[in-house]
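Please keep the sequence and the model in view while reading.

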Amino acid sequence: MLDGFVSVAVRTPHVQVADVQHNVQACIDAIEEAYEAGAKVIVLPELVLTGYTCEDLFLQTELLDAAQDGVQALARETSDLDALVVVGAPVVAGSKLYNCAVFLAGGEVLGIVPKRFLPTYNEFYEGRHFVEGPCEVTPIRFAGQDDVPFGTRQLFVCDSMPQLVVAAELCEDLWAPQPPSIEHALAGATLIVNLSASNAIVGKAAYRRDLVSGQSARLVCAYAYASAGWGESTQDLVFSGHDIIAENGRVLAESKPFGGGAATTEVDVQMLCSERQRMSSYRCAPSPEAAGYHVGHFSLEVEKTLLTRYVDPHPFVPAGQRERAARCEDVFSIQAFGLAKRLAHTHAKTAVIGVSGGLDSTLALLVAVRAFDLLDLDRHGIIAVTMPGFGTTHRTHSNATQLSDALGCQLREVDISQSVRQHFADIGHDESVHDVTYENCQARERTQILMDLANQEGGMVIGTGDLSELALGWATYNGDHMSMYGVNASVPKTLVRHLVRYVADTCGNEDEANVLYDVLDTPVSPELLPAQEDGTIAQKTEDLVGPYELHDFVLYEVLRHGSRPRKVYRLARYALGDTYDDATILKWLRVFYRRFFAQQFKRSCLPDGPKVGSVAVSPRGDLRMPSDALATLWLREVDSLSADRQD
């Protein structure tokens with residue numbers, strides 16, 4: 001079953017100016033090397049068969065005829081390769097010369113795309129030799145073939161993977177105010193190839209990288225950029241072979257300027273189509289033909305594409321320390337300013353937070369402190385309420401109280417044991433039965449205390465539950481599920497941990513930092529069951545619902561990319577296979593889908609809270625999902641994966 005990945009290679013062969021025979025062989029060698037590396041789409045630079053720097057030699061019939069013969073030879077020599085090859089060559093049509101991208105597959109020329117925008121300024125003077133390519137597609141005779149489609153409005157569709165739709169532009173086309181790639185993408189192209197001969201000057205590599213990645217983001221496409229290398233003439237210019245492959249704003253692979261001139265990776269066209277589908281402002285044509293495009297067809301064997309690209313095992317948490325710190329500051333600011341606005345709007349001078357000594361309530365308390373500081377309010381107005389119950393341990397209770405003191409908040413303690421036992425008596429529940437009633441009575445009693453304290457103090461209850469818990473429904477309905485403003489509602493558990501660590505590392509208060517570090521070392525637990533005999537936590541969340549590291553990965557793929565279970569499983573194995581075996585991944589993948597669907601009713605009535613990232617579950621924003629939807633289709637596919645594994 002296809003999962004949308006196709007391997008793309010960009011290569012810069014070492015050319016010799018005007019030596020077509022040498023260049024054809026260099027191209028064949030580069031293509032075969034890329035193919036052996038698994039590439040199915042192979043892109044070579046602008047005018048690579050002749051060399052870009054031929055200057056007035058482009059007016060010589062001998063060179064142009066050799067280039068045409070070179071295309072024919074290249075098509076013949078690569079005819080047995082299961083790949084789409086795009087090569088740069090000069091093409092004569094109607095007594096005019098065009099700078100073109102030639103598409104080859106199965107030994108034939110599928111189509112020729114001419115350059116639209118010819119630079120004739122500064123060091124460039126293409127207008128001396130070439131003419132602007134027409135948009136309208138017409139047939140020409142070229143390389144021994146009749147009726148070869150010629151024109152800029154062409155798309156090449158892979159019949160075996162219809163989501164792979166390839167289009168081309170050449171060098172300056174990308175630099176123009178309205179690049180052809182805009183029309184290509186709106187007509188359905190998911191992979192834009194750019195055959196370029198962009199010379200090297202100081203600072204240009206960074207600009208080129210930003211241009212390619214930015215265009216891929218704007219068009220929600222993959223972009224493969226092949227640049228001429230140092231085999232070109234150095235009479236006035238030097239070329240660096242700076243090859244780039246980007247996808248939706250992210251550079252996936254890149255050759256170092258003046259390096260090897262090679263970049264290979266897999267692009268995910270399925271993800272790109274899914275992303276376009278969800279964007280109402282992405283107004284593309286229902287078909288290429290409706291946009292006035294000619295469509296060429298090719299087919300590839302793409303079912304067994306091997307993954308070599310980087311798949312982030314922690315998609316919510318940047319790997320680099322500097323980037324991670326910047327992310328934490330952004331998220332923390334969004335949370336704090338969101339809460340500050342709500343406090344100011346409601347004229348509340350008091351915030352009530354249930355503090356357990358765990359990660360989520362710790363983060364909520366830190367956010368409240370910053371919000372109060374932003375509003376120049378006395379931190380004493382933050383009422384941190386610790387509510388020990390049947391499962392509270394000395395460690396978590398101590399951390400909650402010490403942190404409140406270190407932050408200068410008002411600490412209150414309300415032991416819920418007596419009131420919960422009274423409630424057990426009221427409803428006739430046996431306290432020795434440690435079932436869901438036993439647990440949820442405690443959670444709801446705590447919420448009642450917080451709500452009533454907020455009423456008493458004229459303040460608001462600050463919710464502590466995070467995105468990962470809401471996705472799994474790991475919250476007591478009308479218990480910790482409810483608040484007046486949920487500051488952590490779109491922060492995944494894996495990021496919560498780093499946010500707390502970020503504050504610990506930067507707060508400058510030794511007492512505060514020491515408590516935060518101990519909170520980070522404490523197992524995640526709702527502490528609703530009695531502690532073990534030695535006083536340590538008995539109930540560990542990740543033993544019950546699964547590792548949050550794995551669930552957050554699944555959550556990102558499901559909600560951000562719309563990936564199906566088979567693809568999520570493959571990516572999880574690839575990214576986290578060193579940590580979890582296949583059976584473990586499948587086990588918790590099934591738990592995720594089962595809980596995600598069954599617990600939507602809790603998300604349908606969430607309190608307000610700030611969105612901080614691209615994945616959120618607010619019923620007013622990112623996730624409008626019926627509470628009665630069934631997980632049957634998704635669970636069936638997960639079960640088929642388990643069956644395949646057993647076979």
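The model is predicted, so local features need pLDDT of at least 70 and side-chain atom pairs count only at pLDDT 80 or more, whereas totals for chains, interfaces and linings use all residues. Residues are numbered from 1 along each chain as its sequence is written, and side-chain values use heavy atoms, with hydrogens and water left out. The protein chain has 20 helices and 20 strands, which are DSSP runs numbered from the N terminus (helices H or I, at least four residues; strands E, at least two).

**Overall dimensions**

- Along the principal axes, the C-alpha atoms of the protein chain fill a box of roughly 100 × 55 × 45 Å.
- Of the 647 residues in the protein chain, 56% are buried; buried means under 20% relative accessible area, exposed over 50%, and partly exposed in between (1.4 Å probe, protein chains only).

**Salt bridges**

- The whole structure contains 27 salt bridges, each defined as a side-chain nitrogen of Lys or Arg within 4 Å of a carboxyl oxygen of Asp or Glu.
- One of them joins the side chains of D3 and R570, with an N to O distance of 2.3 Å. This pair links distant parts of the chain, 567 residues apart: D3 is in the segment before strand 1 (5-11), and R570 is in helix 17 (residues 565-576).
- D3 counts as buried because its relative accessibility is 12%, while R570, at 24%, counts as partly exposed.
- D639 and R590 also meet in a salt bridge through their side chains (2.8 Å, N to O). D639 belongs to helix 20 (residues 632-646) and R590 to helix 18 (residues 582-598), so the pair ties together parts that are 49 residues apart in sequence.
- D360, D466, E469 and K493 are linked in a network of salt bridges.

- E266, in strand 14 (residues 262-268), is buried yet has no salt bridge. The nearest side chain of opposite charge is that of R309, 5.4 Å away; Lys and Arg count as positive and Asp and Glu as negative, without His and the chain ends.
- The side chain of E266 makes a polar contact with the side chain of T308 at 2.6 Å. Such a contact is a pair of N or O atoms within 3.5 Å; within protein, one must be able to donate a hydrogen and the other to accept it, and residues adjacent in sequence count only if both atoms are side-chain atoms.
- The E266 side chain also reaches the backbone nitrogen of R309 at 2.8 Å.

**Surface patches**

- D29, E32, E36, E77 and D80 gather in a surface patch of negative charge. Patches consist of residues with over 30% relative accessible area and no salt bridge, joined within 9 Å for like charges and within 5 Å for nonpolar side chains (Val, Leu, Ile, Met, Phe, Trp, Tyr).
- Helix 1 (residues 20-36) gives the most to the negative patch, with three residues.
- W230, V238 and F258 make a nonpolar surface patch of about 340 Å², the area being computed by the Shrake-Rupley method with a 1.4 Å probe.
- W230 lies in the loop between strand 11 (222-227) and strand 12 (244-247) and counts as exposed at 55% relative accessibility.

Methods
Charge placed at Lys NZ, Arg CZ, Asp CG, Glu CD.
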